[in-house]
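Let's work through some exercises on charged side chains together. Keep the sequence and the model at hand as you go.

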Amino acid sequence: MFTGIVETTGLVADRVSEGTNITFHIESSLASELTIDQSVSHNGVCLTVTSVADGRYSVTAVDETLRKSNLGGLDVGNRVNLERCMPANGRFDGHIVQGHVDQTGICTSVQDLNGSWLYDFQYDPGVADNVTVEKGSICINGVSLTVFNSEADRFRVTIIPYTYEHTTFRDLKPGDVVNLEFDIVGKYIKKMLTGYRQPV
């Protein structure tokens with residue numbers, strides 16, 4: 001389990017296609033603290049560390065993950081948001097994040113408000129039981145944020161300077177694809193209210 005509080009960013013040093021999978025080699029200050037089999041969130045996607053050496057580590061994303069997230073679009077030189085799983089005695093600073101991306105969305109606009117940044121996102125409301133609520137939580141590329149202007153297929157978030165400087169939000173521009181993990185409590189409640197529906 002994660003909290004959506006990004007620890008640092010990593011740099012994609014290499015990507016290697018292996019059948020339908022892609023192995024990413026990531027350069028990061030976290031590398032020296034990681035161990036093989038450890039779970040790390042990459043832009044909100046939980047992946048398992050498979051090797052560690054010389055300031056780099058490797059993770060592999062399978063076809064299902066690549067199809068349902070933006071990881072397949074990562075190139076050498078791109079940065080990713082990183083968070084290690086929450087320790088049992090850790091402080092819960094964000095919200096419950098599973099590291100299982102529900103779907104992708106699109107950044108539709110970015111506004112510099114001279115002290116903060118306003119981001120608009122749009123998503124397909126017909127996918128599963130995903131929903132946002134006003135002042136509720138959303139995880140965007142692994143970052144725990146608060147929703148406002150919640151509508152059926154879109155929402156807004158505001159980014160403070162610290163988050164802007166220490167995550168990939170400073171790289172984000174209109175048209176970019178982002179990973180969305182909706183609030184787990186909201187998904188369960190919607191599921192109970194609407195009943196079972198065959199997933200897309």
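This is a predicted model, where local features need pLDDT of at least 70, side-chain atom pairs count only at pLDDT 80 or more, and totals for chains, interfaces and linings use all residues. Residues are numbered from 1 along each chain as its sequence is written, and side-chain values use heavy atoms, with hydrogens and water left out.

**Exercise 1.** Describe the salt bridge of Arg 56 and the exposure of both partners.

*Solution.* Start with the criterion: a salt bridge is a side-chain nitrogen of Lys or Arg within 4 Å of a carboxyl oxygen of Asp or Glu. Arg 56 pairs with Glu 27, with 3.1 Å between the closest N and O atoms. Finally, check exposure, where buried means under 20% relative accessible area, exposed over 50%, and partly exposed in between (1.4 Å probe, protein chains only). Arg 56 is partly exposed at 35%, and Glu 27 is partly exposed at 31%.

**Exercise 2.** Is Asp 176 buried or exposed?

*Solution.* First find its partner: Asp 176 meets Lys 173 in a salt bridge at 3.3 Å, N to O. Then compare the areas with the cut-offs: Lys 173 has 49% and is partly exposed, while Asp 176 has 19% and is buried.

**Exercise 3.** How many salt bridges does a search of the whole structure find?

*Solution.* The search finds ten.
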